[in-house]
Amino acid sequence: MNTQRLVEMLGPAAWAEGLVAGSPKFAEGLASAADVIHSDGALPARDKALCAAVIGAVKRLPEVTTRYLTIAMDRGMTPDEVHGAALTVLISRGIPGYQALTEALAEISDGDVSPGPPFEAEVSMDAILDYYKGLYGEVPANVALGAQHAPGAVMAYYLMRQAALEESPLENRLADVMLCAINAAEFRDDFVEIHARFALKGGATAGQLTEAVACAIPFAGVAAWLAGANGLIAALENP
């Protein structure tokens, strides 16, 4: 194992030389984990690079975000798709992740993001509750609570969810696959399970979801793999 291979996988880092010197076997394992991201498999390397970039944005690792977003765009990811991914990060983890991803996009690409359509329609609370009932078979308890006590929050969630996960330039299936990677990195097996179900309904395979979750290992450790795998197993056993 040489330092250069690890750097080629994960980008320049002062810790890489020390890791290679101190534990060549561990360094080889880490580079092998990164190999999953860089190689085409059930999920194309382009899509796995996007998963790594958004994990970097959520984990506040700007070098990771820039490196893997560059790889994704070199492999054909468009600025509009990246902005769609940023919207998905925004609804999932808030403004900091969105800011990190869009700043990285501005740094590496001269391409403009296409303007979205204006929003003008009024939406009733009854229509929103019907929407969630259609998604989940019933109105989730958190949505019902918000409708009763904080209807503005439910309206916000509805509008952002539709824009980020249903009307985005990023394919719906890939958005949910990407959210499995993010939530694995954040150790949220419950959210992995939810988004894995949506991804499977959208045509994703077990192999694609497994590779997406594996993208979290270099940046969040084996705990991310365990959380992600538990969520995937639950979704696959009860789609």
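Arginine 173 counts as buried, because its relative accessible area is 14%, and in this predicted model it takes part in a salt bridge with glutamate 171, where the closest N and O atoms are 3.0 Å apart. Glutamate 171, by contrast, is partly exposed, with a relative accessible area of 42%.

**Salt bridges**

- A search of the whole structure finds 9 salt bridges, and those that share partners join Arg46, Asp47 and Glu81 into one network.
- Lysine 48 and glutamate 211 meet through their side chains in a salt bridge of 3.0 Å, N to O; since lysine 48 belongs to helix H4 and glutamate 211 to helix H13 (residues 206–214), the pair ties together parts that are 163 residues apart in sequence.
- Lysine 48 counts as buried at 1% relative accessibility, and glutamate 211 is also buried, with a relative accessible area of 17%.
- Another salt bridge joins the side chains of glutamate 186 and arginine 93 (3.2 Å, N to O); glutamate 186 lies in the loop between H11 and helix H12 (189–201) and arginine 93 in helix H6, so this pair links parts that are 93 residues apart in sequence.
- Glutamate 186 is partly exposed at 27% relative accessible area, and arginine 93 is partly exposed at 24%.

**Helix H7**

- Helix H7 (residues 95–108) has 14 residues, which at 1.5 Å a residue should span 20 Å, and this agrees with its end C-alpha atoms, which are 20 Å apart.
- The buried residues of H7 are Gly97, Leu101, Ala104 and Leu105, and they lie on the same side of the helix because they cover an arc of only 105° around its axis.
- These buried residues pack against helix H4 (45–58), helix H5 (62–74) and helix H6 (79–93), while the face turned away from the buried side carries the exposed residues Ile95, Ala106 and Glu107.

**Nonpolar cores**

- The largest nonpolar core has 63 residues, of which Leu50, Tyr68, Leu69 and Leu101 touch the most other members, and helix H11 (residues 172–185) gives the most to this core, with 10 residues.
- Leaving aside neighbours within four places in sequence, leucine 69 is in contact with Leu50, Ala53, Val82, Leu101, Ala104, Leu105 and Ile108.

**A loop residue**

- Serine 23 lies in the loop between helix H2 (14–22) and helix H3 (24–38), and at 26% relative accessibility it counts as partly exposed.
- Serine 23 and proline 79 are 56 residues apart in sequence and, C-alpha to C-alpha, 39 Å apart in space.

Definitions and conventions. Residues are numbered from 1 along each chain as its sequence is written. This is a predicted model: local features need pLDDT of at least 70, side-chain atom pairs count only at pLDDT 80 or more; totals for chains, interfaces and linings use all residues. Side-chain values use heavy atoms; hydrogens and water are left out. Helices (H or I, at least four residues) and strands (E, at least two) are DSSP runs, numbered from the N terminus. The expected span of a helix is 1.5 Å times one less than its number of residues. Buried means under 20% relative accessible area, exposed over 50%, partly exposed in between (1.4 Å probe, protein chains only). The arc is that of the directions from the helix axis to the C-beta atoms. Contact means heavy atoms within 4.5 Å. A nonpolar core is a set of buried Ala, Val, Leu, Ile, Met, Phe, Trp, Tyr and Cys residues joined through side-chain atoms within 4.5 Å. A salt bridge is a side-chain nitrogen of Lys or Arg within 4 Å of a carboxyl oxygen of Asp or Glu.
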